[in-house]
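Good morning, and thank you for making the time.

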Amino acid sequence: MSDLLRVEALCKSFGTHQVLTDINCQVKKGEFISILGPSGCGKTTLLRTIAGLEAPTSGKIYHEDVDITEVRPDKRGFSIVFQDYALFPHMTLYDNVAYGLKLRKKSSQEIRDRVMDTLCTLKLEKAVKKLPSQLSGGMQQRAAIARSLVLDCDLLLLDEPFKGLDESTRAMVAEYLRAETAGRTVIMVTHDP
C-alpha cells in the first residue's frame with residue numbers, strides 16, 4: 001500500500017530560528033499517528049506545514065505520491081483542528097460546523113443530517129444557535145472537532161484536541177474520536193501522554 005502522506009527532509013525556520021530540522025515520515029491510509037513532545041518543540045508548526053498554512057524552508061510533502069509542497073491549503077483535501085479552535089465569531093455553532101459542507105455545495109438535507117448527528121454525538125445539540133462567545137472552552141473545542149469531522153477529508157490533523165477539556169468531557173471526546181476516525185487517516189500532536 002502506498003503512503004497517503006510522505007514528508008521528506010522537511011525544514012522550517014522563522015528568521016534565524018530553526019523550528020523543524022530534517023523531518024521525515026510516512027503515513028499510510030487509515031493510520032492514526034500521535035506525535036508527542038513538549039510545548040514549543042515544533043509540533044504545531046509541523047501540522048501547519050503539512051496543512052499548507054506554513055511554507056517549508058526546504059523539503060517536500062507528498063499526498064499519494066503527488067508533490068503538494070506548494071499546493072494551497074484548500075486544495076490539499078486535509079482538515080485541521082486548531083489548538084485555538086478558530087471558530088468564526090459571527091456564526092452560530094451550527095453554521096460553524098456546516099461551513100465546510102456548504103463550501104462543498106452539499107445538499108441542505110445532507111448538511112443538516114451530518115451536522116446534527118455530529119453535534120448530538122458530542123452533546124452540543126442544545127447549543128446550535130449559540131455564538132462561540134456563548135460557549136465554554138470545552139464546547140468550543142468540541143465544535144472545532146465537529147467542524148473537521150463532518151468533512152470526511154483524506155487526512156485529519158489534530159492539534160492538541162483535548163486541550164481545555166475536563167476529565168469526563170475528555171473521555172467522551174476521546175471515545176468519539178476513536179469511533180469516528182476508525183479507518184480514517186489522522187495525525188494528532190499533543191504534549192500530554
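At what angle do α4 and helix α5 (residues 167–180) pack, and how far apart are their axes? The angle is about 5 degrees, and the axes of α4 and α5 are 12 Å apart. Here axes are lines fitted to C-alpha atoms, for helices over the stretch in contact, and angles run from 0 to 180 degrees between N-to-C directions. Helices are DSSP runs of H or I with at least four residues, strands are runs of E with at least two, and both are numbered from the N terminus.

Before I continue, please note that this is a predicted model, in which local features need pLDDT of at least 70 and side-chain atom pairs count only at pLDDT 80 or more, while totals for chains, interfaces and linings use all residues. Residues are numbered from 1 along each chain as its sequence is written, and side-chain values use heavy atoms, with hydrogens and water left out.

Returning to the pair, α4 and α5 meet through Arg 142, Ile 145 and Leu 149 on the α4 side. On the α5 side, the partners are Thr 169, Met 172, Val 173, Tyr 176, Leu 177 and Glu 180. Contact means heavy atoms within 4.5 Å. This contact has 6 nonpolar, 1 polar and 2 charged residues. In these classes, Ala, Val, Leu, Ile, Met, Phe, Trp, Tyr, Cys and Pro count as nonpolar, Asp, Glu, Lys and Arg as charged, and the others, Gly among them, as polar.

I turn now to α2. α2 and α4 pack at about 30 degrees, with axes 7 Å apart. They are therefore roughly parallel to each other, a term for angles under 35 degrees. Leu 93, Asn 96 and Val 97 of α2 touch Ala 143, Ala 146 and Arg 147 of α4.

How do α2 and helix α3 (residues 108–121) cross? Their axes come within 10 Å, at roughly 130 degrees.

Leaving aside neighbours within four places in sequence, Thr 92 is in contact with Val 128, Lys 129, Lys 130 and Leu 131.

Finally, the largest pocket has a volume of about 560 Å³. Of the 19 residues that line the largest pocket, the closest to its centre are Asp 74, Phe 78, Ser 79, Ile 80 and Leu 151. A pocket is an open set of points on a 1 Å grid over the protein atoms alone, where a 1.4 Å probe fits, with protein on both sides within 12 Å along at least five of seven lines; lining residues have an atom within 4 Å of a point. Grid points are joined across faces, edges and corners, and the volume is the space filled by probe spheres set on them. β6 (78–81), α2 (93–103) and α4 (137–149) each give two or more residues to this lining.

Key: Parallel < 35°, antiparallel > 145°, perpendicular 65-115°, else oblique.
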